Amino acid sequence: MTPDLLNFDPARYLRIQSGAVGLADQIDAVVADALGSGVTNVVFAGAGGAGILMQPAAALLRDRSAFRADVVLPAELVVTGSATVGRDTLVVIPSLSGTTAESIAALEFVKAAGARVLVLTGHPDTPLGTKADVSLVNFAEDDTSCESFYLQALLLSLSIMARTGVLEDHAAVVAELTRLPELLLDAKGAFDRRAPALAEAIAADPWHIVTGSGNTWPEAFYYGMCILEEMQWIRTRPVHASDFFHGTLELVEPDVSVLLLKGEDATRPLADRVERFVSGLTEKLLILDTADVELPGISQTTRALVSPVILAALLERVSAHLEVLRDHPLTTRRYYRRMAY
């Protein structure tokens, strides 16, 4: 049993993440129809955080298959255009609200180019959902959307890989993913003992370097920009572990906070390199490592795929304590969706 956790509803969490993996058959059907109709490339076009959450799935296709996958910014797509978007393109647009203005403009743009559009959203009957060729809905809110979007995008990429002949054990991987929501719930409960101390360390400093590699880099970027900056007004410097030694290393001093997110994919040595370097230069190195999380029955291959999902689940616990510690609710904004910009 998961113990009582601060500002957390276990049944709600389980319902949302089970809903995400429960879309596996519908996502596979979308992929089958798209490939059968001549689609040869996929474009992930999400605005802000939702777009960042698509990056691990796109990278999986890029690294493990010959199927072209691109991540684009919706606002930029509309003003620059794209020679790769056309009748042979599946455009995936994630938007929790289904009302994101930049994404609506992008949807209209790619539809005019002949692309087919899949919208992933948290709410039915939204502007994006009603204009898409297919809209898949899994209710979520800010504190649960990370895992939900990560899982849906991963299922999409796995389906493409299976249907293009580069993934043989598709059914086995999906079966493991269906077990993940319960295991993430247990992981949250186990981690919550450590979460307050990590929240206190983050609250103690005015800015933080946040870094990761491979499929954990998007979560580092997301947590820095969308949680610490947008929701807590804490300044951050997100940087990929590969780029850490091309500029950011010069910012490391004894009193500089570095938050390092470590996953279990092939890029882990890049995160290890940052850890070795930073450990001797500042006492404020904070490490969150998915290898420390128990996930019984999940293979090492699948663990590597879901490293960003695990980190998102754990960091939600940090955020829950952080907002109370700083007396700054995660819903408080100065500008976002509160004024025209």
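**Salt bridges**

Biologist: How many salt bridges does the structure hold?
Modeller: The structure holds 18 salt bridges, each being a side-chain nitrogen of Lys or Arg within 4 Å of a carboxyl oxygen of Asp or Glu. This is a predicted model, where local features need pLDDT of at least 70, side-chain atom pairs count only at pLDDT 80 or more, and totals for chains, interfaces and linings use all residues. Residues are numbered from 1 along each chain as its sequence is written, and side-chain values use heavy atoms, with hydrogens and water left out.

Biologist: Which side chain meets Asp142?
Modeller: That's Arg333, at 3.8 Å from N to O. The pair links distant parts of the chain, 191 residues apart.

Biologist: And Arg333, buried or exposed?
Modeller: Arg333 is buried because its relative accessible area is 13%; buried means under 20%, exposed over 50%, and partly exposed in between (1.4 Å probe, protein chains only). Asp142 is partly exposed at 42%.

Biologist: What does Glu230 pair with?
Modeller: Arg333 again, with the closest N and O atoms 2.9 Å apart.

Biologist: New topic: what is Thr216 in contact with?
Modeller: Leaving aside neighbours within four places in sequence, Thr216 is in contact (heavy atoms within 4.5 Å) with Leu261, Lys262, Gly263, Ser307 and Leu311.

Biologist: Why does Thr216 count as buried?
Modeller: Because its relative accessibility is 1%.

Notes. Helix = DSSP H or I, 4+ residues; strand = E, 2+ residues; numbered from the N terminus.
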